[in-house]
Amino acid sequence: MDSDGRVDVVVVGLGPGGEYAAGALAEAGLDVVGVEAELVGGECPYWGCVPSKMMIRAGDLLAEAGRVPALAGTAVVTPDWGRVAGRIRGEATDGWNDRAAVDRLTSKGARLVRGRGRLAGARRVTVGDRTIEARRGVVLATGTRPRIPAVPGLRETPYWTNRDAMAAKELPASMIVLGGGAIGVELAQVFARFGCAVTVIEGQDRLLSQEEPEAGELAAATLAADGVTVLTGARALDVRHDGTLFSVRTTEGDSGPLRAERLLVAAGRLADLGALGVESAGLDPAARAVATDGQMRAADGLWAVGDLTGRGAFTHVSMYQAQIAVRDILGEPGPDADYRALPRVTFTDPEIGAVGLTERQARERGLRVRTGVLPLDSSTRGWVHGPGSAGFVKLVEDADRGVLVGATSAGPAGGEVLYGLNVAVHAEVPVHRLQHMIYTYPTFHRTVEAALGALR
């Protein structure tokens, strides 16, 4: 840093994308300061992807043990949430200590400033009473926070967000979940498998409303099989807490309010651009996201990556965008960001993976669409797998161009089967070529071949 407080680049927010950008730019020889108000590494390793998948792995093991009598003999399993909570503390989060992440970042040459960064004009960031000027520019990577719906009484109660759920040392006997998106359904299933009585309230007419209808139907059936009560097309009218229990009145509450020990709010996430001072860079502080061009530029000397760009709250998107921004800052050529084959997975059991457009999205874009849908248990591998093999493959084809523009892969390895479909959508592999490929037998992904044959 110069004596006048100038550096080459300031990265505001050190979640996955911001940490990568700061480290890569520093390794390239730039003078970089990373600003972080919480933990270096961000939401994913401490309160999101990593601890939640540890929970899910544990819940899946319990479910698999329950399938032993149908296939292999006898098994008796006693759930122990303490094992899960201990692993999250000891292995995933180090007790929510980011020392290892800080050391990883600083070993690459970047410097860390603790505090909440805010833009103060072109290439200027304030952190408290300190101002840092960036010669090349600023990267915004501050992510999002949970959206708390405007339900009367809710904000006055001790509701949980995903962070509270990840830190739970003990499970409640009962829980109400507001929201039937990926976070809501994943945590609902895990908690239910460990003995918690769970009710999910979703305002849309199905779960996972941004995905194919078949995905929402599968998620609902799966949760029901685990004892979860699912209320779709329902809204919370008000929330109360008497010091012990939550009470939630809903539009479906003819039999009275729902009651539970805990209330988990999983109603989506939002970016707080006003708190970032984006108006000083000519951006709209009331916008839902920061608009960027294909090289992640939001304004002159300003780049944005991750959730706050509105391209999906996924670690892999943040990392992808950060790589593009780093190249652009370094003056290296590279392709623009391409979101046609954006992949995502809901890690329920079965997993629900999807890439590209849904059938509805494709039709709304005016495409002439053909679809093919095949249940997973129609394949030999699905039949052999037996209990736990619920799932399907759905393909969405642009019939005029003869290429897939979207696909869903649901099943025991839905997220892994998605890889081949991701390649097909991204590379625009002709459907006729996919139809004449050799598919390994017997595998779950062989269902893709059958779904191609069912396109109509």
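This is a predicted model: local features need pLDDT of at least 70, side-chain atom pairs count only at pLDDT 80 or more; totals for chains, interfaces and linings use all residues.
Me: How far apart are the farthest two C-alpha atoms of the "binding site" residues?
Reply: In an unreviewed entry, UniProt lists K53, G117 and D307 for "binding site". UniProt positions follow the numbering used here, feature names are shortened, and annotations may be inferred rather than shown by experiment. The listed residues span 255 residues in sequence and do not all gather at one spot, because the farthest two C-alpha atoms are apart by 30.3 Å.

Me: Is K53 buried or partly exposed?
Reply: K53 sits in helix α3, residues 49-66. Helices (H or I, at least four residues) and strands (E, at least two) are DSSP runs, numbered from the N terminus. Buried means under 20% relative accessible area, exposed over 50%, and partly exposed in between, with a 1.4 Å probe and protein chains only. K53 has 27%, so the class is partly exposed.

Me: Which side chain makes a polar contact with the side chain of D307?
Reply: D307 lies in the loop between β17 (302-304) and α10 (315-329). Leaving aside neighbours within four places in sequence, D307 is in contact (heavy atoms within 4.5 Å) with G143, T144, G312, A313 and F314. A polar contact is a pair of N or O atoms within 3.5 Å; within protein, one must be able to donate a hydrogen and the other to accept it, and residues adjacent in sequence count only if both atoms are side-chain atoms. At 3.3 Å, the partner of D307 is the side chain of T144.

Me: What is the angle between the planes of Y46 and W47?
Reply: The whole structure holds five aromatic pairs. Rings of Phe, Tyr and Trp (its six-membered ring) pair if their centres lie within 6.5 Å; planes under 30 degrees apart count as stacked, over 60 as edge-to-face and the rest as tilted. Y46 and W47 form a tilted pair, 5.8 Å centre to centre, with an angle of 55°.

Me: Why is the pair of W160 and F191 called edge-to-face?
Reply: W160 and F191 are both buried. Their ring centres are 6.4 Å apart. The pair is edge-to-face because the planes are at 85°.

Me: Which residue has its charged end over the ring of W47?
Reply: A charge sits over a ring if NZ of Lys or CZ of Arg is within 6 Å of the ring centre and within 35 degrees of the ring normal. Here the charged end is 3.5 Å from the centre of the W47 ring, and it belongs to R163.

Me: What distance separates the centres of domain 2 and domain 3?
Reply: Domain bounds come from an automatic or database domain assignment. Domain 2 covers 162-267 and domain 3 covers 343-454. Taken over C-alpha atoms, their centres are separated by 29 Å.

Me: Is D328 buried or exposed?
Reply: D328 is found in helix α10. Beyond neighbours within four places in sequence, D328 is in contact with Q295, R297 and W303. Its relative accessibility is 15%, so D328 counts as buried.

Technical notes. Residues are numbered from 1 along each chain as its sequence is written. Side-chain values use heavy atoms; hydrogens and water are left out.
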